[in-house]
Amino acid sequence: MSSQGSSGELRVGMVGYAFMGAAHSQAWRTVNRVFDLPARATMVAVCGRDEAKVTEAAARLGWAEAVTDWRALVARDDIDVIDVCTPGDSHAEIAIAALEAGKHVLCEKPLANTVEEARAMVAAAAKARAVGVRSACGFNYRRVPAVSLMRNLVAAGRLGAIRHVRAAYLQDWIVDPSFPLVWRLQQDKAGSGALGDIGAHIIDLTQFVTGQRITGVSGLTETFIKERPLPEAASGLSASAGSATGEVTVDDAALFIARLDGGAVATYEATRFATGRKNALRVELNGEYGSLAFDLERLNELEYYDATLPAAEQGWTKILVTEGDHPYLGAWWPPGHIIGYEHSFTHEMRDFIEAVATGADPTPSFEDALQVQLVLDAVQRSDSSWVSVAA
Ligand code: SOE
């Protein structure tokens, strides 16, 4: 049976404290101040290998304690939740150990580096669920209010049958060939490159908003810069270059087409080489009664085309997703007052706490995240189906 603090308290231990760790900390700090929830999260301890750095991070991010041994952390009686914010190569080991120790687990995306690891995590989650221990994967963009609204409109039948899904996640932070070989560019640490890091987001998000699952893909991946300087120092997405170089072992870009089980066809593009595009996650759905379009760089808006209106009145409408009736927004600011990137994590913690405290399964489940992993794997394998154009 899972441990639990005094009634209504969830005592959190987080492993990892870089970019995602900071985003999660911000959310754990804020969530109970904004949302009225059946349990209160307490930030008990943050874990990292470097004692000086994790001690500094604990003070900066708001954790009561800094520790260096994650195995000891997951074994502690005063911890109810383990939040895994490490690079992908340690997700499976930490999450499985935590579940076996009866801790609820929130694990950053992508769930794992391989399908095999993801399957083992799903098996551990299923065993733990049988004794009331919960798990979820942190696909935070599901929790952007405009994305939730998109899903609600699709589920209400406003688009009818969906014909096209068009998704892209475009970044440009490694366009410069002298940008160092950080862990996100190393296959043994990250599993894959743009594909798993940001492609995973659009796979999850499109399946979430359409309610359809990808059944088949055909794709290609490319690594434009094959060698980069090794980092001298690195944290999150920033790093300084040393003089030695190393091989880039992941994709810089991944593109694929797909079929979904509800009959839609889809295109996906994930790249870190879209010069000028900083964090452009875009999804457009075209259905028989209308279309919806979302762009993360304008996350307080959702575009809607209602093709059921008289022809003379049809046109794209920009819905400002800033009102109290919109998902999550009633708890924040007065109508019209916009929110940003970090709020998606606060909403993630909100939903996680509510589910755990009420004995429900939080989403996306490890099973949902395994399905994303299977798509990533299929895209990588589909390179072999490439057909050359005749000379
Ligand atoms: C870096 O590419 C990154 O921070 C991803 O790791 C996150 O998952 C994404 O939300 C933003 O970009």
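**Exercise 1: a pair of helices**

Helix 4 and helix 5 cross in a left-handed way (the near helix is turned anticlockwise from the far one by less than a right angle). The model is predicted: local features need pLDDT of at least 70, side-chain atom pairs count only at pLDDT 80 or more, and totals for chains, interfaces and linings use all residues. Residues are numbered from 1 along each chain as its sequence is written.

Task: find which residues make the contact of helix 4 and helix 5, and the angle at which the axes cross.

Solution, step by step:
1. Ala92, Ala95, Ile96, Leu99 and Glu100 of helix 4 meet Glu117, Ala120, Met121, Ala124, Ala125 and Ala128 of helix 5 (contact: C-beta atoms, placed from the backbone, within 7 Å).
2. The axes of helix 4 (residues 91-100) and helix 5 (residues 115-129) come within 9 Å and cross at roughly 10° (axes are lines fitted to C-alpha atoms over the stretch in contact; angles run from 0 to 180 degrees between N-to-C directions). Helices are DSSP runs of H or I, at least four residues, numbered from the N terminus.
3. Helix 4 is therefore roughly parallel to helix 5 (angles under 35 degrees).

**Exercise 2: another partner**

Task: describe how helix 5 packs with helix 10.

Solution, step by step:
1. Helix 10 spans residues 366-382, and its axis lies 9 Å from that of helix 5, at an angle of about 170°.
2. This makes helix 5 roughly antiparallel to helix 10 (angles over 145 degrees).
3. On helix 5 the contact includes Val115 and Arg119, and on helix 10 it includes Phe366 and Asp377.

Technical notes:
Helix = DSSP H or I, 4+ residues; strand = E, 2+ residues; numbered from the N terminus. Parallel < 35°, antiparallel > 145°, perpendicular 65-115°, else oblique. Contact = placed C-beta atoms within 7 Å.
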